[in-house]
Amino acid sequence: MKIGVYSFFSGAGFLDLGFEKSNYSIQMVNEYYKPFLKAYKYARKSMNLIEPKYGFYNCDINDFLHGQKKIKLMHHVNNDKLSHIIGFIGGPPCPDFSVAGKNRGINGKNGKLLNSYKQVIFNNKPHFFLLENVKGLWVTKAHKESYQKLKQAFKRKGYLLTDTLINSLEYGVPQFRERVILFGIHRSVCNGELKDFKIKLTNFNWGTDQKYNIDLIQQIEWPKTNKYIVDSVSECPREILKELTVQYWFEKNSVLEHINSNDYFKPRQGLLKFKSISEGKIAGKSYKRLHRWRYSPTVAYGNNEVHLHPYKNRRISVAEALALQSLPKDFIIDPELTLTDKFKTIGNGVPYLMSYQIAQQIKNFLLDNIK
């Protein structure tokens, strides 16, 4: 069975890579921000991945709701004879739903894109879809109401749904990052009794690794803070999960030899401030120093948030940020991008191991439940 995927809000392709490494075929890519699309193309070329069959679309998703791009997308989907199953995947920009954002919700500039993604799905009727977004959709009252209305709309169009609030730690990713994931499959492609299928959908396995149970992770006595000493050496505590630590991933990805190893901001001021922050002190609103033997806070570098290296007198590098997103060591961000765009596309991406394991679960589910 060949599964073709159409990607929206693609960024540099972290979500797509998880699906591609799970043997899905990326058929089309849509990204509005040109530097992100440039990063996507560069990474694919450097990893020797084939071009999407229907190419790259550098446009607003709303362009697929009218005119020539609407006709083209419908033509691609309706004439995609190589794909037995077609899915749409994407994570609409989330600042309007973020707990730390301005909470404009579904009526915000970015919030409206959630409905745009919904309408693109309705117009093209893929067999399944995946939607990724921030925790605010799940916990903030006003946003939760909008989210429930969104799900009801999908149900009226014949989609069976399951959703969850997950943490990237549950997939072996070395960062605390909570996300809402919604998966829908159209009842027209399902086999068996609808009632029985609903039971199976309710018990959908999201691909989390039981070894990384979030409750158990949070019960571990992780190191708190240590005095910051440049180039200091310390041994990994025995009682922790080493593979969830910053240092483990820095070593795993050979970050000092990575092409993006020297890509980090070098401020002219603030060096004294850097030296005054203890290793592991992340409570501050701006400056946070990671602890080598602990997982990272959410990889996000906007709103003046500065993540410092555990034992070097600098901010973390692009190579190190990629490692904290659990990407393969051969994933490279285009050196020609600005530093701001490099970090922005990394922070906006879906952690690779999370996307890979979810993609694996969806594939297994499709194999078991489609006609």
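The structure is a predicted model, in which local features need pLDDT of at least 70 and side-chain atom pairs count only at pLDDT 80 or more, while totals for chains, interfaces and linings use all residues. Residues are numbered from 1 along each chain as its sequence is written, and side-chain values use heavy atoms, with hydrogens and water left out.

The secondary structure of the protein chain comes to 13 helices and 9 strands, where helices (H or I, at least four residues) and strands (E, at least two) are DSSP runs numbered from the N terminus. The radius of gyration, taken over C-alpha atoms, is 21 Å, close to the 21 Å that the globule rule (2.2 Å times the number of residues to the power 0.38) gives for 371 residues, so the chain is as compact as a globular protein of that length. Along the principal axes, the C-alpha atoms fill a box of roughly 60 × 40 × 40 Å. Of the 371 residues, 56% count as buried, that is, under 20% relative accessible area with a 1.4 Å probe and protein chains only.

Turning to the sheet, 7 strands form an open sheet in the order 3-2-1-4-5-7-6, with mixed pairing; two strands pair if DSSP finds at least two bridges between them. Strand 3 (56-57) and strand 6 (159-167) stand at the edges with a single partner strand each, so one side of each is left without a neighbour in the sheet. Strand 4 (residues 85-90) pairs with strand 5 (residues 128-134) in the parallel sense over 4 bridges, and the bridge partner of Gly87 in strand 5 is Phe128.

Definitions and conventions. Buried means under 20% relative accessible area, exposed over 50%, partly exposed in between (1.4 Å probe, protein chains only).
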